[in-house]
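Here is a walk through a predicted model, taken one stretch at a time. Have the sequence and the structure open side by side as you read.

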Amino acid sequence: MKTVYLCQFLTRISEGKTLGCRFESDQRISPLESALSIWKLLEEEQSKPDNLHEDIHRLILIQAVAVHIERGYFKEATEVLERLFAESESNKALRMKLALIINGNNPDLPFLQSFSYNLLIDKIKSYIDVFLTENSTNFLIKAATKEVETKRLEATMSHNKPENTIETNNESNLETEQSNLEDQRSIADESSENAREHLKRSRKRLYSLAQHTLWKLENVPSNEITKHNKTSCLQSLSDLQNIENDGKSLSHSQTGRKKRRWTWEEDSRLKDGVKKFGVGNWNKILIHYDFNNRTSVMLKDRWRTMIKKDIV
């Protein structure tokens, strides 16, 4: 049971300054108040409470009030004070001191600095070190201790260097975006190169097939070729030549070796498309208007040129 209590205690301590976090059915009870109730159970498990137990108990009492004072919640601090010290005569002097701090509305008094939250964490860590020495195989306690240390480190870093943290995150996001853009460019270049290689191979096959078809027509006696066969062969050859011409046209458009001047009508359609669909929606603009075999990349480049020339 001592192990269970200690895990519950560390969970509440790790959320000690998170006033919106609740561990009890009574929504008024803060995490440190809940931690104090668990600590009392741990003290009962201890055969002979020592000075370390008493120090931790006193620090939890002070910090349960202090975390509200630091946020300016003086009314809530008074309520915590009344709940924790209502039936206590032994801590009457401590109650009076905290009441004076609340009534003075001064959270920066040396008294609170002498009993800080960091001091509470250090005392608890000392207690945990002793416990782990006695229970070295208890991995659950080690994990809970690590969680408390992590919370403490995060709170310290966010308090001391908020701007640097934001700047680091922004730099990290920028590096990620740049890396993604480079990957996209690399994929686009590779796809374009593959398309060109595929087109070259297709042209070679077309030339070979066309030459073979012509050779067959030239070497077959004319009396053995019917009119229908001649027409069929010539039509096939014509189809191959058309495919070859289309392939050449595609190759020129992809490599940029052959450019067509933009007409006034095309510029007008591009302006209307941007007005209707917005900059960047080149595929939508391309579908809804006739640009005479233009591509979305061409539309984007032309729009950039029109902006530079101030003709938009």
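Let's begin at helix α1, residues 2-14. Its 13 residues reach 18 Å from the first C-alpha to the last, close to the 18 Å expected at 1.5 Å a residue. That expected span is 1.5 Å times one less than the number of residues in the helix. Helices here are DSSP runs of H or I with at least four residues, strands are E runs of at least two, and both are numbered from the N terminus. The buried residues of α1 are Tyr5, Leu6, Cys7, Phe9, Leu10, Arg12, Ile13 and Ser14. "Buried" stands for under 20% relative accessible area, "exposed" for over 50%, and "partly exposed" for what lies in between, with a 1.4 Å probe and protein chains only.

Before going further, a word on the ground rules. Since this is a predicted model, local features need pLDDT of at least 70 and side-chain atom pairs count only at pLDDT 80 or more, while totals for chains, interfaces and linings use all residues. Residues are numbered from 1 along each chain as its sequence is written, and side-chain values use heavy atoms, with hydrogens and water left out.

Now step back to the whole protein. There are 13 helices and zero strands, so to read along the sequence is to read α-α-α-α-α-α-α-α-α-α-α-α-α. Of the 312 residues, 28% count as buried. Take the contacts (heavy atoms within 4.5 Å) between residues at least 6 apart in sequence: 59% of them join residues at least 24 apart.

Next stop is helix α3, residues 51-70, where you'll find histidine 53. Is histidine 53 buried or exposed? Its relative accessibility is 2%, so histidine 53 counts as buried. Setting aside neighbours within four places in sequence, histidine 53 is in contact with Trp39, Glu43, Gln46 and Tyr127.

What about empty space inside? Rolling a probe the size of a water molecule over the atoms shows where empty space is left. The structure holds one cavity of 30 Å³ or more, and the volume of the largest cavity is about 40 Å³. On a 1 Å grid over the protein atoms alone, a cavity is a set of points where a 1.4 Å probe fits but cannot get out, and lining residues have an atom within 4 Å of a point. Grid points are joined across faces, edges and corners, and the volume is the space filled by probe spheres set on the points. The lining of the largest cavity is made up of Leu10, Ile121, Ile124, Lys125, Ile128, Thr145, Val148 and Glu149. Two elements give two or more residues to this lining, α7 (117-134) and α8 (139-160), and α7 gives the most, with four. Leu10, one of the lining residues, is also among the buried residues of α1.

Asparagine 281 sits in the loop between α11 and α12, and at 29% relative accessibility it counts as partly exposed. Asparagine 281 and lysine 300 are 19 residues apart in sequence, and their C-alpha atoms are 9.1 Å apart in space. In helix α12 comes leucine 286, partly exposed with a relative accessible area of 25%. Beyond its neighbours within four places in sequence, leucine 286 is in contact with Phe291, Arg294, Thr295, Ser296 and Leu299.

In the loop between α12 and α13 lies asparagine 292. Most residues other than glycine have a negative phi, but phi of asparagine 292 is near 60°, a positive value. Asparagine 292 is partly exposed, at 44% relative accessible area.

That brings us to α13, residues 296-308: its 13 residues should span 18 Å at 1.5 Å a residue, and its end C-alpha atoms are 19 Å apart, which agrees. Buried in α13 are Leu299, Arg302, Trp303 and Met306. They cover an arc of only 105° around the axis, which puts them on the same side of α13; the arc is that of the directions from the helix axis to the C-beta atoms. An α-helix has 3.6 residues a turn, so residues three or four places apart point the same way. The buried residues of α13 pack against α11 (264-277) and α12 (282-288).

Just after α13, aspartate 310 takes a positive phi of about 55°. Aspartate 310 is exposed, with a relative accessible area of 64%.

How values were computed: On a 1 Å grid over the protein atoms alone, a cavity is a set of points where a 1.4 Å probe fits but cannot get out, and a pocket is an open set with protein on both sides within 12 Å along at least five of seven lines; lining residues have an atom within 4 Å of a point.
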